[in-house]
Amino acid sequence: MRSFNTALQLYSSAEARARALSKDADGHPVTLNAAGDISDGLLIILTNATRVPGSAACHDRELEDGEIQYNRGLVELALGQLERAERDFQEALQAHPTHAHYPHYRAVVHARKGEYREAVKWNHAALNLNNNYFPALFHLGLILHLLLHNAEAIQRLDTALA
């Protein structure tokens, strides 16, 4: 990840953007305008390169296994790239099978695709890792309501809000 101004210089020409987005590229730029407290925006470079353990990507700490795939999956989810997000969340879960975020976000992807029963399954997997994980409890309650399992939906939502 580079500062916006540096990245802008690197990817400002049409040729540079085309090269970065080609199927053979090892990086994919995603522009986020007015991101957070950065007034002129932020350019994130998503890379396929394997991270060397111990090297920082965009954090000031050692990254956990699966964290790069998880972060990339969040961006892809926000962009509506559900198949790519699903692959990244799956890889994150394989790399770190005890982290409740990863199965929960697989549930989010399935819910966005209208696959509610699969979303229920992945939220249960997240809750098996952390039975008080609020995002999974709340999301599960909403999905169960959509499936007309209202008694269980109310129970899950009450637990989430407790």
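Me: Why does phenylalanine 138 count as partly exposed?
Reply: Its relative accessibility is 32%. Under 20% relative accessible area is buried, over 50% is exposed, and partly exposed lies in between (1.4 Å probe, protein chains only). So 32% makes phenylalanine 138 partly exposed. Phenylalanine 134, with a relative accessible area of 39%, is partly exposed too.

Me: What kind of model is this?
Reply: It's a predicted one, where local features need pLDDT of at least 70 and side-chain atom pairs pLDDT 80 or more, while totals for chains, interfaces and linings use all residues. Numbering runs from 1 along each chain as its sequence is written, and side-chain values use heavy atoms, leaving out hydrogens and water.

Me: How many aromatic pairs are there?
Reply: There are 5 of them. Rings of Phe, Tyr and Trp (its six-membered ring) pair if their centres lie within 6.5 Å; planes under 30 degrees apart are stacked, over 60 edge-to-face, the rest tilted.

Me: Why is the pair of tyrosine 70 and phenylalanine 89 called tilted?
Reply: The centres are 6.2 Å apart and the planes stand at 50°, so this pair is tilted. (Helices are DSSP runs of H or I, at least four residues, numbered from the N terminus.)

Me: What makes these two residues buried?
Reply: Tyrosine 70 has 11% relative accessibility, so it counts as buried. Phenylalanine 89 is at 0%, so it counts as buried as well.

Me: And why are phenylalanine 134 and phenylalanine 138 a stacked pair?
Reply: Their centres are 5.6 Å apart and their planes at 25°, so the pair is stacked. Both sit in helix H7, 4 residues apart, about one turn of the helix.

Me: How do you know that the span of H6 agrees with its number of residues?
Reply: The expected span is 1.5 Å times one less than the number of residues. For the 14 residues of H6 that gives 20 Å, and the end C-alpha atoms are 20 Å apart, so the two agree.

Me: Which helices do the buried residues of H6 pack against?
Reply: They pack against H4, H5, H7 and H8. Among the buried residues of H6 are Val120, Trp122 and Leu127.

Me: What does valine 109 touch?
Reply: Contact means heavy atoms within 4.5 Å. Leaving aside residues up to four places away in sequence, valine 109 touches Leu77, Leu82, Ala85, Glu86 and Phe89.

How values were computed: Helices (H or I, at least four residues) and strands (E, at least two) are DSSP runs, numbered from the N terminus.
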